[in-house]
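Please look at the sequence and the structure shown below, and keep both at hand while reading this briefing.

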Amino acid sequence: MKLTESYWPAEPSITIEESTVGSALRAAAEQHGPRPAMAEGTPGRPEDRRRWSFDELVADAERVAGALLERFEPGERVAVWAPNLPEWVLLELGAGLAGVVLVTVNPAYQARELEYVLRQSGASGIFLVPEFRGNPMAASLEAVRPSLPALRESVSFEDWDALLATSPANPKLPDVRPSDPAQIQYTSGTTGFPKGALLHHRGLTNNARIFATLTDVRPGDTCLNPFPMFHTAGCVLGVLGTLQAGACHIPVYAFDPSLMLELAETERADIILGVPTVLLALLECPDLATRDLSRVRVALSGGATVPAELVKRVEASFGVQFSIVYGTTECSPLLTQVRLDDDFVDKTETLGRPVPQTEIKITDPETGKIVPCGEAGELCARGYCVMTGYYDMPDQTAAAIDDEGWYHTGDLASMDDRGFLRIEGRLKDMIIRGGENIYPREIEDLLFEHPKVADVAVVGVPDERWGEAVAAFVRPAPGEAPTEQELFDHCRAHLSPQKTPRHWRFLNEFPLTASGKIQKFVLRDQFMG
Ligand code: AMP
């Protein structure tokens with residue numbers, strides 16, 4: 001099929017099931033009962049790690065559901081504020097069975113941010129760890145609690161066994177429908193302001209199953225998951241994807257390259273997930289030379305621009321097939337994916353094609369009209385996976401989902417005549433210099449190819465003459481100190497003058513969201529400050 005305009009119809013090669021988190025869990029347990037379903041992703045001896053079979057997973061999740069229903073009604077919101085613990089996963093599955101809506105909270109949040117999400121979601125309960133990576137979470141909760149009258153219960157994950165003990169022997173679980181809300185996820189804030197995407201069971205379960213099918217996750221595989229649980233990449237693609245494929249899921253407790261490599265070797269991982277920053281850190285980790293990763297079959301990345309150079313390096317160093325995924329929280333999240341048998345150029349340079357059952361179009365942001373193939377515009381998506389809306393924010397919902405059901409991602413992308421998509425940047429990140437549109441991605445890719453550059457972000461900064469000017473923020477490769485002039489010359493050799501960065505900043509660390517994305521608005525603020 002050769003397209004002329006940038007529109008991809010929903011393709012039915014994988015069917016949509018009327019499933020819920022609970023029905024997906026039960027189906028997996030029926031089919032894979034004694035197989036390994038989950039192992040704790042902590043350092044140390046493999047025999048000391050806690051493990052669950054599918055039978056044990058469903059039994060524990062039912063007890064969690066029973067305990068939740070002693071405290072909450074179906075439909076009530078309950079927050080989870082913790083790193084990637086196995087109990088996080090059990091709570092997700094238990095909440096799914098109980099019809100309780102899980103509000104996922106970033107463990108890096110400070111008291112004010114916590115207060116915002118608990119208030120905005122009207123949460124009646126919270127599960128938390130007392131502290132994580134120096135963040136005094138229990139103390140923060142106590143500080144904001146007096147101003148949150150709706151919050152009735154708080155449960156520490158340290159009291160998990162006591163919680164399970166409160167479940168009746170055979171809890172009566174409610175009927176949960178596929179269209180019922182399953183989670184509220186606060187979007188990660190690369191643009192600054194958090195909104196709670198209300199996601200339904202049908203969207204999450206089907207999206208994860210489609211992902212696992214395209215990624216070729218097989219029964220008996222082991223899948224290493226460092227994506228944070230509070231994000232759909234972690235708790236949907238990671239948890240519900242491996243679950244429905246009959247594979248063993250390892251939530252990596254906290255991202256640390258040595259731990260990832262240790263787990264990959266000792267747990268014999270077949271599949272590794274991670275945002276680009278995570279994969280980059282694995283490549284830079286000295287332990288890479290001594291760890292046996294020969295079993296790893298697929299490495300998968302997304303959530304932020306994946307530089308072509310990184311794909312090449314990962315494929316070469318790990319000897320794996322690489323797949324790039326693209327999606328947004330609001331779409332449960334997966335929208336497009338590189339197929340494992342796509343050719344090398346498509347694999348390294350595109351976001352792949354739309355996944356089954358998802359309509360995609362690229363529109364002119366001014367007129368809303370579909371643009372011809374090859375032209376950049378806003379990527380819009382429609383289908384089973386689109387969120388119900390932003391929780392209790394009708395205006396923001398109407399701004400994001402139009403009357404015809406299209407979700408407007410705010411991403412600039414182009415589609416070629418085969419349906420392969422390329423990301424050009426964020427609508428808001430697009431730099432307009434003297435009326436000309438400049439897409440940071442093109443400049444970032446070029447800089448990433450320079451051997452002295454480890455990581456880079458290009459942003460538009462105010463400029464009196466041109467409106468905006470191009471600024472490049474560079475993290476040098478270990479042991480290197482590139483000069484402005486040599487990077488400028490490298491860009492100028494391949495780019496027209498207006499795209500060549502005029503401002504250069506070198507830094508050792510980028511400001512990242514907790515899910516590992518560079519916060520360009522922070523860089524812009526730093527530049528101006
Ligand atoms: P979130 O809702 O936090 O998952 O963020 C979604 C946004 O991340 C998208 O709208 C894109 O801007 C960005 N994103 C996700 N996947 C990719 C990818 N593979 N390449 C480039 N940007 C991506």
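In strand β6 (residues 125–128) both faces are covered, since G125 and F127 on one side and I126 and L128 on the other are all buried, where buried means under 20% relative accessible area, exposed over 50% and partly exposed in between, with a 1.4 Å probe and protein chains only. Helices (H or I, at least four residues) and strands (E, at least two) are DSSP runs, numbered from the N terminus. The model is predicted, so local features need pLDDT of at least 70 and side-chain atom pairs count only at pLDDT 80 or more, while totals for chains, interfaces and linings use all residues. Residues are numbered from 1 along each chain as its sequence is written, and side-chain values use heavy atoms, with hydrogens and water left out.

**Neighbours of β6**
- Strand β4 (residues 77–81) pairs with β6 in the parallel sense over four bridges, where pairing requires that DSSP finds at least two bridges between two strands.
- Within this pairing, W81 has L128 of β6 as its bridge partner.
- Strand β7 (residues 153–156) runs parallel to β6 and is joined to β6 by four bridges, and S154 in β7 is the bridge partner of I126.

**Helix α8**
- Helix α8 (residues 232–245) is largely enclosed by the rest of the structure, because 14 of its 14 residues are buried.
- After α8 comes G246, whose phi is positive, near 75°.

**Residue D346**
- D346 lies in helix α12 (residues 344–349) and is buried, with a relative accessible area of 7%.
- The side chain of D346 makes a polar contact with the side chain of R418 (2.9 Å); a polar contact is a pair of N or O atoms within 3.5 Å, and within protein one must be able to donate a hydrogen and the other to accept it, while residues adjacent in sequence count only if both atoms are side-chain atoms.
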